[in-house]
Amino acid sequence: MVTKRLTILIMLVYLSFSIQLNVPNQIYLSQSYQLTASDVQGNVYYSVRNLPTGLSLNNGKIDFLYKAQVPNGNYPITIIAQDSSGAADKKNVVLTVGNSV
């Protein structure tokens with residue numbers, strides 16, 4: 001009986017501190033892309049690993065730097081979202097610049 005109650009309590013705590021990145025498996029970037037997440041507690045902070053040179057992340061938006069030349073291609077990146085409660089989500093996606101497939 002005690003084990004069941006403890007398990008349910010742990011599941012409820014886990015569910016209340018979850019965050020979900022709302023990004024597809026492939027992002028086509030021609031101008032900019034706004035990252036979003038749901039089930040967020042407070043503010044959400046984004047970071048991106050392996051972002052190609054010439055692109056930036058500012059306020060959750062992936063964008064080209066001023067007059068930057070980014071070669072067309074497919075770039076594997078990792079997007080991380082974390083909210084004020086410490087809950088985080090991470091997703092590996094392909095960032096496509098230009099008309100690459």
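Strand S8 is mostly under cover: 8 of its 11 residues are buried, where buried means under 20% relative accessible area, exposed means over 50%, and partly exposed lies in between (1.4 Å probe, protein chains only). Strands here are DSSP runs of E with at least two residues, helices are runs of H or I with at least four, and both are numbered from the N terminus. This is a predicted model, so to speak of local features takes a pLDDT of at least 70, side-chain atom pairs count only at pLDDT 80 or more, and totals for chains, interfaces and linings use all residues. Residues are numbered from 1 along each chain as its sequence is written, and side-chain values use heavy atoms, with hydrogens and water left out.

S8 sits inside an open sheet of 4 strands, ordered S2-S9-S8-S5, with mixed pairing; two strands count as paired if DSSP finds at least two bridges between them. At the edges are S2 and S5, each of which pairs on one side only. From one strand to the next, the twist averages 35 degrees, with axes taken as lines fitted to C-alpha atoms (for helices, over the stretch in contact) and angles running from 0 to 180 degrees between N-to-C directions.

On one side, S8 pairs with S9 in the antiparallel sense over 10 bridges, and Thr 78 stands opposite Asn 92 in S9. The hairpin of S8 and S9 has 4 residues between the strands, and Gly 86 takes a positive phi near 100 degrees there. S5 also runs antiparallel to S8, with 6 bridges joining the two; Tyr 45 has Gln 82 in S8 as its bridge partner. The parallel part of the sheet comes from S2 and S9, which pair over 4 bridges, with Gln 26 opposite Val 94 in S9.

The largest nonpolar core has 20 residues, of which Val 23, Leu 35, Ile 77, Ile 79 and Leu 95 touch the most other members. Such a core is a set of buried Ala, Val, Leu, Ile, Met, Phe, Trp, Tyr and Cys residues joined through side-chain atoms within 4.5 Å. Strands S2 (26-29), S5 (44-49), S8 (73-83) and S9 (88-97) each supply at least two residues of the core, and the largest share, 4 residues, comes from S8. Leu 95 has contacts (heavy atoms within 4.5 Å) beyond its neighbours within four places in sequence, including Ile 27, Leu 29, Leu 51, Pro 52, Leu 55, Tyr 75 and Ile 77.

There is a second open sheet, made of 3 strands in the order S3-S7-S6 with antiparallel pairing. Its edge strands are S3 (32-34) and S6 (55-58), each pairing on one side only, and the twist averages 20 degrees from one strand to the next. S3 and S7 (residues 61-64) run antiparallel and are joined by 3 bridges, with Tyr 33 having Ile 62 in S7 as its bridge partner.

Zooming out, the chain holds 1 helix and 9 strands, in the pattern α-β-β-β-β-β-β-β-β-β along the sequence. Buried residues account for 29% of the 101 residues. Of the contacts between residues at least 6 apart in sequence, 59% join residues at least 24 apart.
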